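Biologist: I am new to this structure. Could you take me through the terms used for it and show what they rest on?

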Amino acid sequence: MSGLVSSPVLEAAARLRHTMPDDLSEGVVTSIFDDAAAIARSSVSTDSPEDGSRRPTVDQVLDRALTHPVWGFVVMGVLFYGVFWFTIAGAAVPSDLLFVGLVDHGHTWLRSGFEAVGAPWWVTGLLVDGVYLGTAWVVAVMLPPMAIFFPLFTLLEDFGYLPRVAFNLDRLFAGAGAHGKQSLTMMMGYGCNAAGVTATRIIDSPRERLIAIITNNFSVCNGRWPTLILMGTIFIGSMAPPALAGLLAAGSVVLVALVGIATTIVVSWFLSHTILRGETSVYSLELPPYRRPQVWRTIYTSMVDRTFKVLKRALVMAAPAGAVIWLLGNVEISSTSLAMYLVDALEPAGWVLGLNGVILLAYLVAIPANEIVIPTILMLTLTLHAAPGTAAGVMLDMSDLEASTVLVGVGGWTLLTAVNLMLFCLLHNPCSTTVLTIWRETGSVRWTTFATLMPLALGGLVTAGTAVVWRMF
């Protein structure tokens, strides 16, 4: 009965729907807000004069600066530069202590224990030099930055600043056909891409959430900072006088991070205008009041909920990677190691990309964890060039000066190699932990494969183009 009565109504509604303007819903919402504002003005009284001489509250003063069209971005850049600098500088000392305890002393003691009980050399090598050393590297490199970055990030969240970041970046992401909340997930990716992908659950639109998942890889995670910092220090910083070397090196790392943000917006625009075409959803962002952060509670919850969970996933992936590294350096065919065969096979592709075979093999091995890229490169360079005092398949801890000597003197690296390694570090495929997280969040093999291979293809195009231009001059 109701279907017979409503059918003409539905047909009329469907016919009239196409005559409505595109911004009808936006106009309705604006009208509602205008009516609400008029009602509020007529019914709510304040103790402030109407001539605008009322002293603004602290929240209003902060919002005028933090959400200003120009100064809001300046403050945002300075603030996050400070967070990154504090994370990098603050992690140096605890990382060194962990290296001494886990890599230097721990590896020596564990190796001595295996030898004391008469374990075969290959068991000692595979388990101690491979599995243990690989996981120890990840703990020493990854734990201190995460233990600093995540609490700082959470403190900003508790203070109420992150919604202001989303407010500032909303227009950029909306212009790219993405969701303003993607800025928050992008920021999470600077700690860990797997955590950033999980954070996309705050986006309701499946299309915009998928864009945020695919592009989160362009946020430089903790595991990639050591590579960028080392390249900036050795190759970029050395181009300036000693007094300015540090500033130039830090500037090069920040520039790579900015390139990552620009890439996120450009790729989001491309996806939203091609394979993920659709209407940008409108959302109301209510800026919360500023609050005093609960420091100790924030530190505890961020360590338990974020740092240790991400570290656990990384360790699960790093342990087998350490075994693979040791096997590549020690398994020989016709007196030639597997590493040498693979490096020779990858060398032509490495030359096209302005890199080399050692770097490409290191990235293949380091798919489980980006933290082991640099130690793997140093190990392969020394092992393949038969440098004295090195053991095959054993990752090494070196100072920046020693690493410079190895890469330039032994490996033959140039400024092009360093620049393209920084670009490839930004644009290459996500680590296996992130890939696993993408698959769990999307439930799609097709989108997981696309999110994995698209950045790799983009990285190849960019580095190959850079190499061509570089060699022309």
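Modeller: A residue is called exposed when its relative accessible area is over 50%, and buried when that value is under 20%. The model here is a predicted one.

Biologist: Why is Ile-32 called exposed?

Modeller: Its relative accessible area is 52%, and the cut-off is over 50%, so Ile-32 counts as exposed. Ile-32 belongs to helix H2.

Biologist: Which residues form the nonpolar patch on the surface?

Modeller: Leu-16, Met-20, Leu-24, Val-28, Val-29, Ile-32 and Phe-33 form it, and together they have about 650 Å² of accessible area. Helix H2, residues 24-43, gives the largest share of the patch, 5 residues.

Biologist: How do H18 and H19 pack?

Modeller: Two packed helices are described by the angle between their axes and the distance between the axes. For H18 and H19 the angle is about 145° and the axes are 9 Å apart. The crossing of H18 past H19 is right-handed. Val-435, Ile-438, Trp-439 and Thr-442 of H18 make the contact with Val-445, Thr-448, Ala-451 and Thr-452 of H19.

Terms used
Residues numbered from 1 in each chain as written. Predicted model: local features only at pLDDT ≥ 70, side-chain atom pairs only at ≥ 80, totals over all residues. Heavy atoms only, no water. Patch = residues over 30% accessible without salt bridge, like charges linked within 9 Å, V, L, I, M, F, W, Y side chains within 5 Å. Areas by Shrake-Rupley, 256 points an atom, 1.4 Å probe, with all protein chains shown as cover. Salt bridge = Lys/Arg side-chain N within 4 Å of Asp/Glu carboxyl O. Helix = DSSP H or I, 4+ residues; strand = E, 2+ residues; numbered from the N terminus. Buried < 20%, exposed > 50% of the residue type's maximum accessible area, 1.4 Å probe, protein only. Axes fitted to C-alpha atoms, helices over the stretch in contact; angles between N-to-C directions. Left-handed = near helix turned anticlockwise from the far one by under 90°. Contact = heavy atoms within 4.5 Å.
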